[in-house]
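Student: I have a structure to look at and would like to know what the terms used for it rest on. Can we go through it step by step?

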Amino acid sequence: NRLDSQLLRTLTPKGSSFPQISTAKSVIYQFESVELIVEVIWKGTEAIVLKGKAHDKKVTSIALGAGEGLVYSVGLDDRIRLLDLKSATSGKRLVRYLLINSFFQQDLEIKAPSNVVASKNKASLAYVSVISRKTILVLDELKIVKEIKVTYEPTAIEVSNDERLYVGDQV
């Protein structure tokens, strides 16, 4: 598939993230240091690459929401940021939106290192593992709807297609 070959060309500079791929909009999201890199596949072969400052300190993880309209990021600046792209329904609109607007308009300070993963089924839902506070936050966009205390430092987090949450600890 064209998106896969495009991805192989751009993967992954040292210090950058594992890419999040939006197949519906043919977009690749990844980060490098403090910047979010958005690569829009144009007409199946060409790519437009846009970079924007996402955080004041290094970005540690990004997650693409279900429906692919929301992009969450977490950085060492102890902030969760949200990029709302629901109005950008095509590659052309996405490029125009990112050129006109700043990359992230909304954020939430959490005052601790964390990782983020988005729901596979619910468009605005995300889960954040707050490592030093031994907590999992459940977010609806950037509103905390639930706080789950755990007995370990949740350093890895993933959600399955059937909404089961998997959380790991360093051994």
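Tutor: Start with Glu109, which counts as partly exposed at 44% relative accessibility. Keep in mind that this is a predicted model.

Student: Why is Glu109 called partly exposed?

Tutor: Its relative accessible area is 44%. Buried means under 20% and exposed means over 50%, so a value in between is called partly exposed.

Student: What makes the contact of Glu109 with Arg79 a salt bridge?

Tutor: The closest N and O atoms of Glu109 and Arg79 are 3.5 Å apart. The cut-off is a Lys or Arg side-chain nitrogen within 4 Å of a carboxyl oxygen of Asp or Glu, so the pair qualifies.

Student: Which parts does the pair of Arg81 and Asp107 tie together?

Tutor: Arg81 lies in strand S7 and Asp107 in strand S8, so the pair links parts 26 residues apart in sequence. The N to O distance in this salt bridge is 3.1 Å, and the limit is 4 Å.

Student: What makes Lys149 and Glu147 a salt bridge?

Tutor: Their side chains meet at 3.8 Å, N to O, and the limit is 4 Å. Lys149 is exposed, with a relative accessible area of 58%, whereas Glu147 counts as partly exposed at 44%.

Student: Which residues do salt bridges with shared partners join into one network?

Tutor: The network consists of Arg79, Arg81, Asp107 and Glu109. A search of the whole structure finds five salt bridges.

Student: What makes the phi of Lys134 worth a remark?

Tutor: Lys134 is not a glycine, yet it has a positive phi of about 50 degrees. Most residues other than glycine have a negative phi. Lys134 sits in the loop between strand S10 (125-130) and strand S11 (135-140). Its relative accessible area is 34%, and Lys134 is therefore called partly exposed.

Student: How do you know that S10 and S11 pair?

Tutor: Six bridges join S10 to S11, which run antiparallel. Pairing needs at least two bridges. Within this pair, Ala126 has Leu139 in S11 as its bridge partner.

Student: What is the order of the open sheet of four strands, and which strands are its edges?

Tutor: The order is S9-S10-S11-S12, with antiparallel pairing. Strand S9 (114-118) and strand S12 (143-149) are called edge strands because each pairs on one side only. On average, neighbouring strands of this sheet are turned by 20 degrees against each other, direction ignored.

Student: How do you know that S13 and S14 pair?

Tutor: Five bridges join S13 to S14, and at least two are needed. The two strands run antiparallel. Glu158 has Tyr166 in S14 as its bridge partner. S13 and S14 form a hairpin with five residues between them, and Glu163 in the turn has a positive phi of about 70 degrees. Glu163 is not a glycine either.

Student: Which residues of the largest nonpolar core touch the most other members?

Tutor: Of its 18 residues, these are Tyr29, Val38, Leu83, Leu85, Leu94 and Leu98. Strand S2 (27-32), strand S3 (35-42), strand S5 (59-64) and helix H2 (91-100) each give two or more residues to this core. H2 gives the largest share, four residues. A second, separate core has 17 residues, including Leu82, Leu108, Ala126 and Leu139.

Student: Why is Ser73 called buried?

Tutor: Ser73 has a relative accessible area of 1%, and the cut-off for buried is under 20%. Ser73 belongs to strand S6 (residues 70-75).

Student: What makes the meeting of Ser73 and His55 a polar contact?

Tutor: Their side chains are joined at 2.7 Å, and a polar contact needs N or O atoms within 3.5 Å.

Definitions and conventions: Residues are numbered from 1 along each chain as its sequence is written. This is a predicted model: local features need pLDDT of at least 70, side-chain atom pairs count only at pLDDT 80 or more; totals for chains, interfaces and linings use all residues. Side-chain values use heavy atoms; hydrogens and water are left out. Buried means under 20% relative accessible area, exposed over 50%, partly exposed in between (1.4 Å probe, protein chains only). A nonpolar core is a set of buried Ala, Val, Leu, Ile, Met, Phe, Trp, Tyr and Cys residues joined through side-chain atoms within 4.5 Å. Axes are lines fitted to C-alpha atoms, for helices over the stretch in contact, and angles run from 0 to 180 degrees between N-to-C directions. A polar contact is a pair of N or O atoms within 3.5 Å; within protein, one must be able to donate a hydrogen and the other to accept it, and residues adjacent in sequence count only if both atoms are side-chain atoms.
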